[in-house]
Amino acid sequence: MIYTGSCYCKEITFQGVIDSPDNARTSLCHCNNCKKFFGGPYGTTTKFPSSGFRITSSTQPIVHEADNGSGVLLHREFCGKCGGPILEYGANAKGTSVYVMWGAWDEKGRKEMPPKGEFFTRLREEWLVPIAGLFQKKEIKE
Ligand SMILES: [Zn+2]
Ligand SMILES: [Zn+2]
């Protein structure tokens with residue numbers, strides 16, 4: 001399968017190639033770090049093999065790297081023109097997986113890679129309810 005995506009202004013475009021969308025994993029994350037970066041009640045990303053992912057535009061994303069607050073170096077990429085987020089990964093996933101901002105996929109990717117679970121549910125906003133059918137993790141492992 002080939003999935004395409006872009007930032008909000010389309011200056012950055014990308015492509016993800018994968019045998020089956022079952023091999024990707026979209027999840028919600030309620031951690032405080034995701035709330036800040038996404039500007040919403042949670043972040044939504046698709047864990048995708050980095051070998052199948054590439055930026056297809058000549059313009060490359062801006063890179064931001066920082067400690068995520070619990071000792072993990074978090075790498076994030078976003079558009080320098082519109083600020084739209086593209087992907088992130090922790091130092092431990094480098095070279096293995098990228099976590100693509102789910103909303104940046106074009107319609108086909110969003111439709112075929114829906115969320116499978118929720119992380120950091122202990123930090124879920126009290127006005128949100130768990131999404132039925134998704135696995136629930138209090139933090140990362142449990
Ligand atoms: Zn942009
Ligand atoms: Zn998070």
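1. Start with Ile-131: it sits in the loop between strand S10 (115-119) and strand S11 (135-136). Strands here are DSSP runs of E, at least two residues, and helices are runs of H or I, at least four, numbered from the N terminus. The model is predicted, so local features need pLDDT of at least 70 and side-chain atom pairs pLDDT 80 or more, while totals for chains, interfaces and linings use all residues. Residues count from 1 along each chain as its sequence is written, with chains lettered from A and ligands numbered from 1 in written order.

2. Is Ile-131 buried or exposed? Exposed, because it has 12 C-beta neighbours inside 10 Å (20 or more means buried, 12 or fewer exposed, in between partly exposed, with C-beta atoms placed from the backbone). Beyond its neighbours within four places in sequence, Ile-131 touches Pro-115 and Glu-118 (contact: C-beta atoms within 7 Å).

3. Now the open sheet: three strands in the order S1-S2-S5, paired antiparallel (pairing takes at least two DSSP bridges). S1 (2-6) and S5 (53-55) are the edge strands with a single partner each, so one side of each has no neighbour in the sheet.

4. Five bridges join S1 to S2 (residues 13-17). Ser-6 has Thr-13 in S2 as its bridge partner.

5. For the overall picture, the protein has two helices and eleven strands. Of its 142 residues, 31% count as buried. Among contacts with a separation of 6 or more, 52% link residues 24 or more positions apart. The C-alpha atoms fill a box of roughly 40 × 30 × 25 Å along the principal axes.

Definitions and conventions
Contact = placed C-beta atoms within 7 Å.
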